[in-house]
Amino acid sequence: MNELIIMVLSTIGSLFVLSTSVAMFRKRDVYLRINVTTKTATLGLGLLLASAAIFFQEYSVTTRVLATIIFIILTAPIGGHMLARAAYLNKTKKWEGMKIDDLAGQYDPKSKVLYSEKKNTSFEPPVDYDKNSPQT
Amino acid sequence: MTLVEYYQYVVIPILGISVILVFIRFLKGPSLADRVISLDMLILMAIGIVVIYSIIYDQSTFLDIAMLFALIAFLGTVAFAYYLEERRKRNE
């Protein structure tokens, strides 16, 4: 019974990892690839690690596995976000089929401050907007 | 079919195919961010392979290496993202 649970968990986890890598291979754009990586890789790795926790059934192993899962779930989206932001500021080429780019014109090119939705509309950002922001 | 045979005939080949696909993207990647994210993905899949081998050889010590790989993946991605931004600033 235990073996069956381990088999099912690790199979689902490895299939998630396989789907992530197929998407990495076939998607057209950097941003789509980053999006796909940070979503499915965390779930697939979480299932694989959970199967290890069920296999060993010791407190020390379960603690380590839980710490690793929490660390991956916390940090993979942060890394993906930072990388996507750097790629966008670098003006990496977008996919031609992209219809809407919500970030277009929102970044200040010099100070890298992200304005809220006021810059694209008729409202001007306030004069001291840059001074209040922590990053200059 | 025992657990070890199942791992060696089904799960490890699935992970191997995914490693090959991501490595092709790592070699091809048109931009630098592509290579960084596929390197991150390679290290994350190495975590999965290490976990599978720790079950096959019945050694729970390997899971420490998995935690170490998670740390290295995060630090590497953040450092590469930081220097991507800084490189843009220097070019201006």
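Start with chain B and its radius of gyration, which is taken over C-alpha atoms. Chain B has 17 Å, whereas a compact globule of 92 residues would have a value near 12 Å; the globule rule is 2.2 Å times the number of residues to the power 0.38. The C-alpha trace of chain B spans about 60 × 25 × 10 Å along its principal axes.

This is a predicted model, in which local features need pLDDT of at least 70, side-chain atom pairs count only at pLDDT 80 or more, and totals for chains, interfaces and linings use all residues. Residues are numbered from 1 along each chain as its sequence is written, while chains are lettered from A and ligands numbered from 1 in the order in which they are written.

Colour chain B by secondary structure. Chain B has 3 helices and 0 strands, in the order α-α-α from the N terminus on. Helices (H or I, at least four residues) and strands (E, at least two) are DSSP runs, numbered from the N terminus. Of the 92 residues of chain B, 36% count as buried. A residue is buried if 20 or more other C-beta atoms, placed from the backbone, lie within 10 Å of its own, exposed if 12 or fewer, and partly exposed in between.

Next, select H2 in both chains: residues 30-56 in chain A and residues 32-56 in chain B. Their axes (lines fitted to C-alpha atoms, for helices over the stretch in contact, with angles from 0 to 180 degrees between N-to-C directions) come within 10 Å and cross at roughly 10°. H2(A) is therefore roughly parallel to H2(B); the term covers angles under 35 degrees.

Show the residues where these helices meet. Among them are A:Ile34, A:Leu45 and A:Phe55 in H2(A), and B:Ile37, B:Leu44 and B:Ile55 in H2(B). Two residues are in contact if their C-beta atoms, placed from the backbone, lie within 7 Å. By class, this contact has 16 nonpolar, 3 polar and 3 charged residues. Ala, Val, Leu, Ile, Met, Phe, Trp, Tyr, Cys and Pro count as nonpolar, Asp, Glu, Lys and Arg as charged, and the others, Gly among them, as polar.

Stay on H2 of chain A and select A:Asn35. A:Asn35 counts as partly exposed because it has 16 C-beta neighbours inside 10 Å.

Finish with two loop residues. A:Gln57 is in the loop between H2 and H3 (59-89) of chain A, and its phi is near 55°. With 9 C-beta neighbours inside 10 Å, A:Gln57 counts as exposed. In chain B, go to B:Asp58, in the loop between H2 and H3 (62-91). B:Asp58 has a positive phi of about 60° and, with 10 C-beta neighbours inside 10 Å, counts as exposed. Most residues other than glycine have a negative phi.

Definitions and conventions:
Parallel < 35°, antiparallel > 145°, perpendicular 65-115°, else oblique.
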